[in-house]
Amino acid sequence: MMNSGTWHGPGTSPGPEAARGPEAARGSAVADPAVLPISEVSRRTGIPVAGLRNWEQRYGLPRPQRSGSGQRRYRESDCDLLAEVLAGRAGGLSLPAAMAHAVSGADRSPRTSIFAELRRRHPGLRAHVMTKAVLLALTRAIEDECCARAQRPVLFGSFQRRRFYGAAGARWADLAHSAEQTVVFADFERARHRPGPLAEVPVAESSPMRREWALICDAPDQPACVAGWEYPGQEHRPDSGRLFEAVWSAEPRVVRSAARIGTGLAAAVLPELTSRLAPRLRDEPAPASADLRRAGGLIERTIDYLAAQSRSAAH
């Protein structure tokens, strides 16, 4: 569960009605009445009752109404607003920044991708241009290691299309069976939870994630991730020869960062994932050992050779 933060900046954040203007405030009183008790808001969002009161006192968010007996009463939209705050926190924003982003009414649809955010947060990651065949081999290797060795991982997969996910369905059923939580992004018609636990998150046609291929395995004993975006204008290429620009890492802190990015993107659609995953992803893991860094360097060179060879064969 997210903690209440330690920021002590001056002033308070405006409530959701103030941010949306007086007309919206008057309309919301009719269409979205303040009837939810604080215990229900806590249950829905995963924020402790004490945390809700703390946020209200320090930041003015959320801003409940009072019943005739003086009890706090919240709107459905307050739960949505708090879910956006938690998604921002899971995505790496500070608590004040997450609140400001939520109050601004920013579009909740993904404007970024796992690949783009990893490059922004970890500019030292090397990007490799490789065919889909090489990217798929790298992904399968991480999947196999995750399934064989990782203990209760948190898994994320970005598949672009449902048919690509369907082709790997049996593998991912096995992976999800041993995972603490599995999240899959693709062009699903709707969001839903599957047994496993496995969450399917739809990606809009306009989202940059439609061009992305990613796998994240966040596990204490076997962390690894790979993310790539597909070059445009490749209709003439065979499927296995399509080119991607990709990054990968087995560095625990990079993988944890990727998992937080995935959580933030998924929670914009399924906010309940934040309260489930936040405790698991809150802490910073230890940095990579010297042995792991040396092995990583060897793998980087291997990928360079394989990628160059596959690009040459694809032409």
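Two residues are in contact here when they have heavy atoms within 4.5 Å of each other. Keep that cut-off in mind for the stops below, and remember that you are looking at a predicted model.

**Start with Phe159.** Select Phe159 and show its neighbours. Leaving aside residues up to four places away in sequence, Phe159 touches Phe164, Tyr165, Ala168, Trp172, Val184, Phe185, Ala186 and Glu212.

**Widen to the core.** Phe159 belongs to the largest nonpolar core, a set of 32 residues, and together with Trp172 it touches the most other members. To see where the core comes from, colour the elements that each supply at least two residues: helices H8 (132-149), H9 (162-167), H10 (169-177) and H13 (290-314), along with S5 and strands S8 (212-218), S9 (224-230) and S10 (243-249). Which of them gives the most? That is H8, with 5 residues. Apart from this core lies another one, of 28 residues; to find it, select Val154, Cys225, Val247 and Ala266, which are among its members.

**Go on to Thr182.** Strand S5, residues 181-186, holds Thr182. Is Thr182 buried or exposed? Its relative accessible area is 0%, so Thr182 counts as buried. Show its contacts and, beyond residues up to four places away in sequence, you will find Leu155, Trp172, Ala176, Pro197, Leu198 and Ala199.

**Look down helix H12.** Select residues 272-281, which form H12, and highlight the buried ones: Leu273, Thr274, Leu277, Ala278, Arg280 and Leu281. Now turn the view so that you look along the axis of H12. The buried residues fall within an arc of 165°, and so they line one face of the helix.

**Visit a helix pair.** Next, select helix H3 (residues 38-45) and helix H4 (residues 49-59). Their axes come within 9 Å and cross at roughly 105°. Angles of 65 to 115 degrees count as roughly perpendicular, so that is how H3 stands to H4. For the contact itself, show the side chains of Ile38, Ser39, Val41 and Ser42 on H3, and of Val49, Leu52 and Arg53 on H4.

**Zoom out to finish.** With the whole protein in view, you have 13 helices and 10 strands. Of its 315 residues, 49% count as buried. Finally, among contacts between residues at least 6 apart in sequence, 72% join residues at least 24 apart.

Notes. Residues are numbered from 1 along each chain as its sequence is written. This is a predicted model: local features need pLDDT of at least 70, side-chain atom pairs count only at pLDDT 80 or more; totals for chains, interfaces and linings use all residues. Side-chain values use heavy atoms; hydrogens and water are left out. Helices (H or I, at least four residues) and strands (E, at least two) are DSSP runs, numbered from the N terminus. Buried means under 20% relative accessible area, exposed over 50%, partly exposed in between (1.4 Å probe, protein chains only). The arc is that of the directions from the helix axis to the C-beta atoms. A nonpolar core is a set of buried Ala, Val, Leu, Ile, Met, Phe, Trp, Tyr and Cys residues joined through side-chain atoms within 4.5 Å. Axes are lines fitted to C-alpha atoms, for helices over the stretch in contact, and angles run from 0 to 180 degrees between N-to-C directions. Angles under 35 degrees count as roughly parallel, over 145 as roughly antiparallel, 65 to 115 as roughly perpendicular and the rest as oblique.
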